[in-house]
Amino acid sequence: VQLQASGGGLVQAGDSLRLSCAASGRSFSSATMGWFRQAPGKEREFVAAINLSGDSTYYADSVKGRFTISRDNVKKMVSLQMISLKPEDTAVYYCAATWRGYSTPSEYGYWGQGTLVTVSS
């Protein structure tokens, strides 16, 4: 599966932003999809994940209640709706696909190229 993330940009604190991840390949609908982020000088961290059917979602504590992950298996798209953005959300955001686990980078075998989100205070 190939992944391409988009939708990043420069926003102010409190604003909203929606990230999208377009997938290609027949195996998309069987994969758990995740979003990770990496801020400068920090390790890549888990943000959210959604199972293959979309009926189970998982979030990092830091984004619960503010971020929502969703997927459309027909369009082969995964989205991350982000509201009430904070400066500490500033990072490069990556979408990824896995067929095992969901919360650590090592569990994901396929990654998109990343999209930069910058939140100014």
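How many aromatic pairs does a search of the whole structure find? The search finds eight. Rings of Phe, Tyr and Trp (its six-membered ring) pair if their centres lie within 6.5 Å; planes under 30 degrees apart are stacked, over 60 edge-to-face, and the rest tilted.

Before the tour, some ground rules. The model is predicted: local features need pLDDT of at least 70, side-chain atom pairs count only at pLDDT 80 or more, and totals for chains, interfaces and linings use all residues. Residues are numbered from 1 along each chain as its sequence is written, and side-chain values use heavy atoms, with hydrogens and water left out.

**Stop 1: the rings**

Select Tyr58 and Tyr102. Their ring centres are 4.0 Å apart and their planes stand at 20°, so this pair is stacked. Tyr58 belongs to strand β6 (residues 57-59), while Tyr102 is in the loop between β9 (91-98) and β10 (110-111), so the pair ties together parts 44 residues apart in sequence. Strands (E, at least two residues) and helices (H or I, at least four) are DSSP runs, numbered from the N terminus.

Now colour by accessibility. Buried means under 20% relative accessible area, exposed over 50%, and partly exposed in between (1.4 Å probe, protein chains only). Tyr58 is partly exposed at 28%. Tyr102 is partly exposed at 31%.

Next, select Tyr94 and Trp111. The ring centres of Tyr94 and Trp111 are 6.3 Å apart with planes at 80°, so the pair is edge-to-face. Tyr94 sits in strand β9 and Trp111 in strand β10, so this pair ties together parts 17 residues apart in sequence. Tyr94 is buried, at 14%. Trp111 is partly exposed, at 26%.

Ring pairs link Phe36, Phe46, Tyr58, Tyr94, Tyr102, Tyr108 and Trp111 into a cluster.

**Stop 2: charges over rings**

Arg44 lies over the face of Tyr94, 3.8 Å from the ring centre. A charge sits over a ring if NZ of Lys or CZ of Arg is within 6 Å of the ring centre and within 35 degrees of the ring normal. Then pick Arg71 and Phe28: the charged end of Arg71 is over the Phe28 ring, 4.7 Å from its centre.

**Stop 3: the disulfide**

Which cysteines does a disulfide join? Select Cys21 and Cys95, joined with S to S at 2.1 Å. A disulfide here is a pair of cysteine sulfur atoms within 2.5 Å, and the structure holds one. The torsion about its S-S bond is about 60°, so the disulfide is right-handed. Cys21 lies in strand β3 (residues 17-24) and Cys95 in strand β9, so the link ties together parts 74 residues apart in sequence. Cys21 is buried at 0%. Cys95 is also buried, at 0%.

**Stop 4: the sheet**

Switch to cartoon view. Four strands form an open, antiparallel sheet in the order β1-β3-β8-β7. Strands β1 (2-6) and β7 (67-72) stand at the edges with a single partner strand each, so one side of each has no neighbour in the sheet. The twist averages 15° from one strand to the next. Axes are lines fitted to C-alpha atoms, for helices over the stretch in contact, and angles run from 0 to 180 degrees between N-to-C directions.

Zoom in on β7 and β8 (residues 77-82). Six bridges join these antiparallel strands; two strands pair if DSSP finds at least two bridges between them. Ile69 has Leu80 in β8 as its bridge partner.

**Last stop: Ser20**

Select Ser20, in strand β3. Ser20 is buried, at 19%. Leaving out residues up to four places away in sequence, Ser20 touches Gln4, Ala5, Ser6, Trp35, Met77, Val78 and Ser79. Contact means heavy atoms within 4.5 Å.
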